[in-house]
Amino acid sequence: MATIRNMTLEQLRQMIDQRIDERLAVMLGRFDVGEEGPFEDQEPDGRSWEQVKQDIERDRWTPPPGAKSSLELLREDRDA
């Protein structure tokens, strides 16, 4: 391993990137996905875009009338 003094800028960047990747892997775990992406091996479900939108609307949760907004809840937590 060369000393930092003898490294090119590109070698230094590679060393820093490698160290950051190592630290993130320790803290968060590895997320190796491969070249094709995380969902390439999944079968398409056959729904149309309209069906997907309808499913999203159907599954969406709406707070009851008079419920506190997320901003109000955050302010309460901050002030507590």
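How many salt bridges does the count come to? By the rule that a salt bridge is a side-chain nitrogen of Lys or Arg within 4 Å of a carboxyl oxygen of Asp or Glu, the count comes to nine. The structure is a predicted model, in which local features need pLDDT of at least 70 and side-chain atom pairs count only at pLDDT 80 or more, while totals for chains, interfaces and linings use all residues. Residues are numbered from 1 along each chain as its sequence is written, and side-chain values use heavy atoms, with hydrogens and water left out.

**Figure 1. Overall fold and surface of the protein.** The protein contains three helices and zero strands, where helices (H or I, at least four residues) and strands (E, at least two) are DSSP runs numbered from the N terminus. Along the sequence, the pattern reads α-α-α. Of the 80 residues in the protein, 5% are buried; buried means under 20% relative accessible area, exposed over 50%, and partly exposed in between (1.4 Å probe, protein chains only). The accessible surface of the protein amounts to about 8,100 Å², and 54% of this surface belongs to carbon and sulfur atoms. Accessible areas come from the Shrake-Rupley method with a 1.4 Å probe, and for residues only the protein chains shown count as cover.

**Figure 2. Helix α1 and the residue that follows it.** Helix α1 spans residues 9-28. This helix has 20 residues and reaches 28 Å from its first C-alpha to its last, close to the 28 Å expected at 1.5 Å a residue; the expected span is 1.5 Å times one less than the number of residues. After α1 comes Gly29, which has a positive phi, near 90 degrees.

**Figure 3. A nonpolar patch on the surface.** The patch is formed by Ile16, Ile20, Leu24, Val26, Met27 and Leu28, which together have about 610 Å² of accessible area. Patches are made of residues with over 30% relative accessible area and no salt bridge; like charges are joined within 9 Å, and nonpolar side chains (Val, Leu, Ile, Met, Phe, Trp, Tyr) within 5 Å.

**Figure 4. The Asp55–Arg58 pair in helix α2.** Side chains of opposite charge can pair when their charged atoms come close. Asp55 and Arg58 form a salt bridge in which the closest N and O atoms are 2.9 Å apart. The two residues are three apart in helix α2 (residues 49-59), and are therefore separated by about one helical turn. Asp55 counts as buried because its relative accessibility is 17%, whereas Arg58, at 58%, counts as exposed. Their side chains also make a polar contact of 2.9 Å; such a contact is a pair of N or O atoms within 3.5 Å, and within protein one must be able to donate a hydrogen and the other to accept it, with residues adjacent in sequence counting only if both atoms are side-chain atoms.

Figure 5. Glu57 pairs with Arg60 in a salt bridge, with 2.9 Å between the closest N and O atoms. Another salt bridge joins the side chains of Arg78 and Asp79, at 3.2 Å from N to O. Both Arg78 and Asp79 are exposed. Elsewhere, salt bridges with shared partners join Asp45, Arg47, Asp55, Arg58 and Asp59 into one network.
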